[in-house]
Amino acid sequence: MEEEIQIINENTRKEKIKNFFIKNSKNIIFFFSSIVILIIIYFVFDELKTRSHLKIAEKYNYVVNKHKNQIINSEIENGLIEIIESKNSTYSPLALYFIIDNEIITDTNKINKYFDLIIGINFIDEEIKNLNIYKKAIFNSNFATENELIKILRPILNSDSIWKSHSLLLLSEYFYFKNNKSESKKLLNEIIDDEKSNENIKLEAQKKLIRDFSD
């Protein structure tokens, strides 16, 4: 008797499962179809992203080689600008640095516009973003006002970024050049007192204190 009841219960359970799948067949098919579609979209997107990255890499190398061959024309400038505007996390910054290093564009407003573009690239590593901010500050340090330079560096100064000590040293040198030695010294001491400061930067700050501020 007990065995018969068990068989009946088993059959009932199987019937319930069967009825569940029949009743919800459309929802189940839709669910699994959605998963398959999402997987396909992911791989297609990844493939397109890889191809785009390779295409931009080829374009960057092509433009750089043309410049090395001393071919300087609007094609090089336009090519580098197109790479920057592609917002590629690797080659957009490299293209901008190449423009600056080789003085292909000297208009500071344009350069700062391109800096803002690469700083605003989505999904870029936070420290790469901070590096671009730091490089923007270096570029502007020769002509920016005190407030402008601090504004550029504020995202780094208000964080625990690995570029914070570099930024403090840059500001210290800026204030020293502007003959604001008290502020320069204060920033050097801040670098030394911060346990997270880069060791090489900390050593450089110590040397500057001894060289420029020893009585």
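The structure is a predicted model, in which local features need pLDDT of at least 70 and side-chain atom pairs count only at pLDDT 80 or more, while totals for chains, interfaces and linings use all residues. Residues are numbered from 1 along each chain as its sequence is written, and side-chain values use heavy atoms, with hydrogens and water left out.

The protein chain holds ten helices and zero strands (DSSP runs numbered from the N terminus, with H or I over at least four residues for helices and E over at least two for strands). Of its 215 residues, 33% are buried (under 20% relative accessible area with a 1.4 Å probe, protein chains only; exposed is over 50%, and partly exposed lies in between). Among contacts (heavy atoms within 4.5 Å) with a separation of 6 or more, 47% join residues 24 or more positions apart.

Seven salt bridges are found, each a side-chain nitrogen of Lys or Arg within 4 Å of a carboxyl oxygen of Asp or Glu. One of them pairs Lys 66 with Glu 75 at 2.7 Å between the closest N and O atoms; Lys 66 is buried at 14% relative accessible area, whereas Glu 75 is partly exposed at 40%.

Lys 136 meets Asp 116 at 2.6 Å, N to O. This pair links helix α6 (residues 126–140) to helix α5 (residues 108–119), its members being 20 residues apart. Here Lys 136 is buried, at 12%, and Asp 116 is partly exposed, at 43%.

Glu 173 and Lys 208 form a further salt bridge, with 3.3 Å between the closest N and O atoms. Shared partners join Glu 173, Glu 204 and Lys 208 into one network.
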